Amino acid sequence: MIKPSDPRLKENVEKAAKKAEKEKQLEEKKRIPQVSAAMFLAHNKDLGPPFRVLVDTNFINFSIQNKIELVQGMMDCLMAKCIPVITDCVLAELEKLGPKYRLALRIAKDPRFERLHCDHSGTYADDCLVQRVSLHRCYVVATCDRDLRRRIRKVPGIPLMYVVKHRYQIERLPDAGSSFH
């Protein structure tokens, strides 16, 4: 007589395989991605005075609402030359928003803005920005989206810029004195 819990039974083999699969998935979730060797105490050495600011859709809209000139506001906040950078996904998102946001689209197509080509599938701008700053840590990210800021804070060494009290605020930018020692 074979017991119902015998490991040789077909259904028990399937259960054991499913249990092993679940344990493997849990193990993968626990893994923490390896941090770049360029990061030391979360100070990014790749950031330097012509700052490249990666701009999000809602940052442009908030700048218009608060009557802040984008490039000048960035220079006032960082006290250095700034190059606003816009990806194809952000531009596509602005185009999808329609005629209400045509002023934001006109600002985004300004020749002072640097365009970055996206070669991934889909046009979800938040994923595009997180992926780009994870690969290349030479950007300051300008966004007013709380969820996106929360996601970017998990990437070490990426400063965030957002609108507070009708001006730009920078977060997590190492001060110049300590980062060059």
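Predicted model: local features only at pLDDT ≥ 70, side-chain atom pairs only at ≥ 80, totals over all residues.
The chain has 181 residues, of which 40% are buried. Its secondary structure amounts to eight helices and eight strands. Among contacts with a separation of 6 or more, 64% are between residues 24 or more positions apart.

Six of the strands form an open sheet, in the order β5-β4-β3-β6-β7-β8 and with mixed pairing. Its edge strands, β5 and β8, each pair on one side only. On average, neighbouring strands of the sheet are turned by 35° against each other, with direction ignored. Helix α2 packs on this sheet and touches β3, β4, β6, β7 and β8. The direction of α2 makes about 30° with that of β7.

The strand pairs can be taken one at a time. In general, strands of a sheet pair through backbone hydrogen bonds, either parallel or antiparallel. Strands β3 and β4 run parallel and are joined by four bridges. Here Val53 is placed opposite Pro84 of β4. On to the next pair: β4 and β5 are also parallel, with three bridges, and Thr87 faces Leu116 of β5. Five of the six residues of β4 are buried, so this strand is largely enclosed by the rest of the structure. Elsewhere in the sheet, β6 and β7 run parallel and are joined by two bridges. The bridge partner of Val141 in β7 is Leu160.

Next come the helices. Helix α2 spans residues 57-65, and Thr57 belongs to it. Thr57 has a relative accessible area of 4% and is buried. Setting aside neighbours within four places in sequence, Thr57 is in contact with Val90, Glu93, Leu94 and Leu97.

Helix α3 covers residues 70-78, and its buried residues are Leu70, Val71, Gly73, Met74, Cys77 and Leu78. These residues lie on the same side of α3, because they cover an arc of only 165° around the axis. The elements that cover them include β3, α2, β4, β7 and β8. Just after α3, Met79 takes a positive phi of about 55°.

Helix α6 covers residues 125-135, with Ala125, Asp126, Cys128, Leu129, Val130, Arg132 and Val133 as its buried residues. Among the elements that cover these residues are the strands β3, β4, β5 and β6. The helices α4 and α7 also take part in this cover.

Which residues touch the most other members of the largest nonpolar core? That core has 46 residues, and the ones in question are Val53, Phe59, Met74, Met161 and Tyr168. Two of them, Val53 and Met161, can be followed through their contacts.

Met161 is part of strand β7. Its relative accessibility is 0%, so Met161 counts as buried. Not counting residues up to four places away in sequence, Met161 touches Val53, Phe59, Met74 and Tyr168, among others. Met161 and Cys77 are 84 residues apart along the chain, while their C-alpha atoms are separated by 8.9 Å.

The cysteines remain. How many disulfides does the structure hold? The number is zero. A disulfide is a covalent bond between the sulfur atoms of two cysteines. For Cys82 the closest cysteine sulfur is that of Cys77, and the 7.9 Å between the two is too far for a bond. Cys82 is itself buried, with a relative accessible area of 4%. Cys118 is in no disulfide either, and the nearest cysteine sulfur, in Cys128, is 3.4 Å away. The cut-off here is a pair of sulfur atoms within 2.5 Å. Cys118 also counts as buried, at 11% relative accessibility, and Cys128 is one of the buried residues of α6.

Notes
Residues numbered from 1 in each chain as written. Heavy atoms only, no water. Buried < 20%, exposed > 50% of the residue type's maximum accessible area, 1.4 Å probe, protein only. Contact = heavy atoms within 4.5 Å. Core = buried A, V, L, I, M, F, W, Y, C linked by side-chain atoms within 4.5 Å. Arc of directions from axis to C-beta. Pairing = 2+ DSSP bridges. Axes fitted to C-alpha atoms, helices over the stretch in contact; angles between N-to-C directions.
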